Amino acid sequence: MTVDELARRSGTTTRNIRNYQTQGLLPSPTLVGRVGYYDDGHLGRLRLIAQLQQQGFSLAGIAEMLRAWEEGRSLADLLGFEDALTAPWTDEEPELMTLLELAEMFPQAADDPILAIRAIDLDLIRPHEDGFLIPSPSLLRAGAELAAVGVPLAATQDALAALRDDMARIGARFVGMFERYVWKPYVEAGMPPERLPEVTDALRRMRPLAAISVQATLAYAMQRASAASTAATAVGAAAERPPMNVREVS
């Protein structure tokens, strides 16, 4: 990514990025011609710096910590932590689709431009050259399946917006547990380099545990909601109704 893209994704400024490089906090980018390109390692380092600053560390203190890790030959541990911190949560690859393909999947959007605009606002689709980039093809196809069974596209978009709010709270809850019970004690102990692998291991183990917990809890909630639905009530009432006598019919 370019420096502008790195600044956008990390929530900082290009000026800060260059300042961090000058102070030795951030490795230099890979030069291709006259353009410097950054990777996820740089992004992880910036997020680590931001977290340490939130914990009250000055830039000078962070630089000293990084130098201590390097001198202690445990920089690989630090890089391992950065990698665990920034590793993607899914291996799903974005796909490119044409306008015609999207129109075939979502005919309602073809007739109502507002739905298409909202799909962009929800980051379901991104205009890209002559077509659209789909960040999460599985999510888009799930919406198409819901539309195919009769759920209005507008209702699906409303549900997605609400679901993202719910997931944001759940994500914050799991991150909060890591910071409170793993990261904070580590910081209060003076961030000893020899304990960083332990912190990294905890972070890596919590990632799949969060996904498993959400999936199991959702399955239980869906089971209870389905049992309490009007459809389940109607089916139950029909099952309890005594069979009709042939003479009564006549």
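Predicted model: local features only at pLDDT ≥ 70, side-chain atom pairs only at ≥ 80, totals over all residues.
Residues are numbered from 1 along each chain as its sequence is written, and side-chain values use heavy atoms, with hydrogens and water left out.

Back to Glu129. You'll find Glu129 in the loop between β4 and β5 (131-134), and its phi is positive, about 50°, although Glu129 is not a glycine. Asp123 also has a positive phi, near 60°, and sits in the loop between α8 (113-121) and β4 (126-128). With 31% relative accessibility, Asp123 counts as partly exposed. For context, most residues other than glycine have a negative phi.

Now the overall picture. The protein has 13 helices and five strands; these are DSSP runs, H or I of at least four residues for helices and E of at least two for strands, numbered from the N terminus. Buried residues make up 27% of the 250 residues.

On to packing. Helix α1 (residues 3-10) and helix α2 (residues 14-22) pack at about 100°, with axes 9 Å apart. Those axes are lines fitted to C-alpha atoms over the stretch in contact, and angles run from 0 to 180 degrees between N-to-C directions. The pair is therefore roughly perpendicular, a label that covers 65 to 115 degrees. Where they meet, α1 brings Val3, Asp4, Leu6 and Ala7, and α2 brings Thr14, Ile17 and Arg18, with contact meaning heavy atoms within 4.5 Å.

Keep an eye on Ile17. Leaving aside neighbours within four places in sequence, Ile17 is in contact with residues including Leu26, Tyr38 and Leu46. Ile17 is also among the residues with the most contacts inside the largest nonpolar core, along with Phe81, Trp183 and Val199. That core has 30 residues; a core is a set of buried Ala, Val, Leu, Ile, Met, Phe, Trp, Tyr and Cys residues joined through side-chain atoms within 4.5 Å.

Last one: α11 (196-227) is among the elements giving two or more residues to this core. Buried residues in α11 include Leu196, Val199 and Leu203. As a check on its length, the 32 residues of α11 should span 46 Å at 1.5 Å a residue, and the end C-alpha atoms are 47 Å apart, which agrees; the expected span is 1.5 Å times one less than the number of residues.

Notes:
Parallel < 35°, antiparallel > 145°, perpendicular 65-115°, else oblique. Buried < 20%, exposed > 50% of the residue type's maximum accessible area, 1.4 Å probe, protein only.
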